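Hi everyone, thanks for coming. Let me put the structure up on the screen, and then we can walk through a few spots together.

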Amino acid sequence: MTIRKRLFISFSLILLIVTFIIGVFFYTIYNLNSINSQQKHRYDQLIRVEKLKEFNNSYSWIVLDIITDFEKIEIVNKRIKKTDELFENLNTLKIKIINNSQSKEEKKNLVLIFTYFEIMQKLIKEDLHNLVLSKNSEFAIFDKEFEQININTQKLLELEIKYLQDKLNQTQNKRDAFLDTIKLELVILFIVLFLFSFVISSKIINEIKDKLYRLNQGVLQLFKNGEKTIKVDIGENNELSLITKNLNSYLQMQSDIIDSREELLRNISHELKTPITKGKFMLAKIENADDNKIYKDINTIFHDIEKLTSKLLQREKLNFAVLKTTNFKSSSLILESLSKLSIEDESQVIVNIKDDFNIEGDFYYLTMALKNLIDNAIKYAKEFPIVIESYDDAIYIKNIAKRLSNDLIYYIQPFTREPNQEQGHGLGLNIVNKILSLHGFNLKYKHKDFYNIFYILFKAKNNS
């Protein structure tokens with residue numbers, strides 16, 4: 001099974017668990033809303049029933065006031081009027097309270113409570129009122145009857161309140177139990193999801209790391225043992241095996257191209273050097289002074305061909321160069337580069353070592369690069385001397401010459417040179433740039449105060 005398929009399956013399973021968790025979350029919200037709605041309903045009903053206790057107490061106080069002040073007809077009438085107001089308010093609450101009952105037993109109790117209130121209303125308005133009007137102060141029988149009704153009402157109200165409070169507590173307990181269960185389930189689900197993700201991810205990551213490690217070891221073999229293909233087993237039917245297969249095909253193709261190119265270069269070198277050597281040998285035999293100009297022209301041609309061949313081989317070798325890094329001073333590099341040049345007049349070159357800094361790189365190849373820059377400076381200078389300076393982690397080669405007509409990037413391409421320029425083959429700066437690129441150094445150019453200035457930056461700089 002490919003890594004992509006495994007990742008897809010793992011992601012699908014994780015997505016399924018996450019979807020389940022989201023479902024549990026919404027289920028929890030739905031149930032909590034339902035429980036909260038029940039709680040609110042019962043709480044509101046409890047408040048309304050508690051209000052009925054106040055009505056019951058109010059009736060008791062009205063009866064007490066009337067019996068106490070039965071001789072004061074104005075006070076009695078006010079209390080009777082108060083009774084009417086209470087009864088009107090009770091009727092307003094009656095429908096709401098009875099309709100919000102949640103069981104037959106509760107509804108039966110509430111109907112009975114309101115029946116008792118009606119009886120109390122009747123007792124006050126008729127029986128008590130008639131006793132007052134008849135000036136009869138014998139309230140004992142009335143008081144006993146009213147008190148019994150009042151007590152019964154009070155008991156029923158307390159039973160109803162207790163019933164509602166119990167239901168409210170049950171709902172709260174149900175809510176707490178539900179939340180505890182959901183919390184436990186969510187914790188378990190998150191742990192399962194984490195463990196599942198960790199196990200699957202670890203397995204896939206370790207497998208990828210193992211395959212990448214083996215692939216990296218195979219790549220290192222290319223450098224260490226000179227292998228032409230990656231020879232590692234990273235299994236079948238996975239993306240890395242396909243990458244390895246394609247990479248091996250590419251490496252094999254490149255190897256064939258390199259072998260063919262090397263063979264071609266060897267043949268070209270051989271085929272060119274042989275006639276060049278023969279031609280130079282024959283030229284040496286020319287003794288006629290009249291042929292001196294022809295001799296020089298032909299010798300120049302042969303020398304030019306030999307130089308071009310040498311630079312082509314030099315440039316091609318850079319494609320497969322393995323750097324031998326050492327530490328040396330900038331002064332050593334400059335002096336070694338100058339020693340490789342045949343400078344007849346040393347006054348043509350001024351060397352100014354302002355800062356003899358350390359350089360880490362391949363001494364041979366960097367000498368070749370600096371030698372080419374110095375050679376170009378001498379070759380294309382309009383006036384002498386040229387100047388070589390070393391400071392601020394850079395080596396500068398300056399000569400008095402016309403500003404380049406194109407940007408430096410144009411001249412580091414192979415076989416490019418200034419218009420109407422007859423000298424050179426346009427390979428020198430290309431070779432210099434290749435060498436510096438291998439080291440991670442930079443070739444820069446500027447024109448200042450009549451000087452063309454080429455310089456090598458051996459460390460990164462903010463300004464150039």
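Predicted model: local features only at pLDDT ≥ 70, side-chain atom pairs only at ≥ 80, totals over all residues.

You'll find Asp392 in the loop that joins strand E4 to strand E5, residues 394-400. Its backbone is worth a look too: Asp392 isn't a glycine, yet its phi is positive, about 50°. Most residues other than glycine have a negative phi.

Now hop over to Asp449, in the loop between strand E6, 442-448, and strand E7, 451-457. Asp449 also isn't a glycine and has a positive phi of about 50°. Is Asp449 buried or exposed? Exposed, with a relative accessible area of 58%.

Back to strand E4, residues 383-391, which contains Pro385. The peptide bond from Phe384 to Pro385 is cis, with omega near 5°. Most peptide bonds are trans.

Last stop, the helices. H2 covers residues 73-99 and H3 covers residues 104-133; their axes come within 11 Å and cross at roughly 165°. Angles over 145 degrees count as roughly antiparallel, so that is how H2 runs relative to H3. The crossing is left-handed.

Who meets whom there? On the H2 side, the contact includes Ile80, Phe87 and Leu90, and on the H3 side it includes Phe114, Phe117 and Ile124. Charged residues take part as well, among them Asp84 and Lys94 from H2 and Glu118 from H3. By class, the contact of H2 with H3 has 15 nonpolar, four polar and five charged residues.

Notes. Residues numbered from 1 in each chain as written. Heavy atoms only, no water. Axes fitted to C-alpha atoms, helices over the stretch in contact; angles between N-to-C directions. Helix = DSSP H or I, 4+ residues; strand = E, 2+ residues; numbered from the N terminus. Parallel < 35°, antiparallel > 145°, perpendicular 65-115°, else oblique. Left-handed = near helix turned anticlockwise from the far one by under 90°. Contact = heavy atoms within 4.5 Å. Buried < 20%, exposed > 50% of the residue type's maximum accessible area, 1.4 Å probe, protein only.
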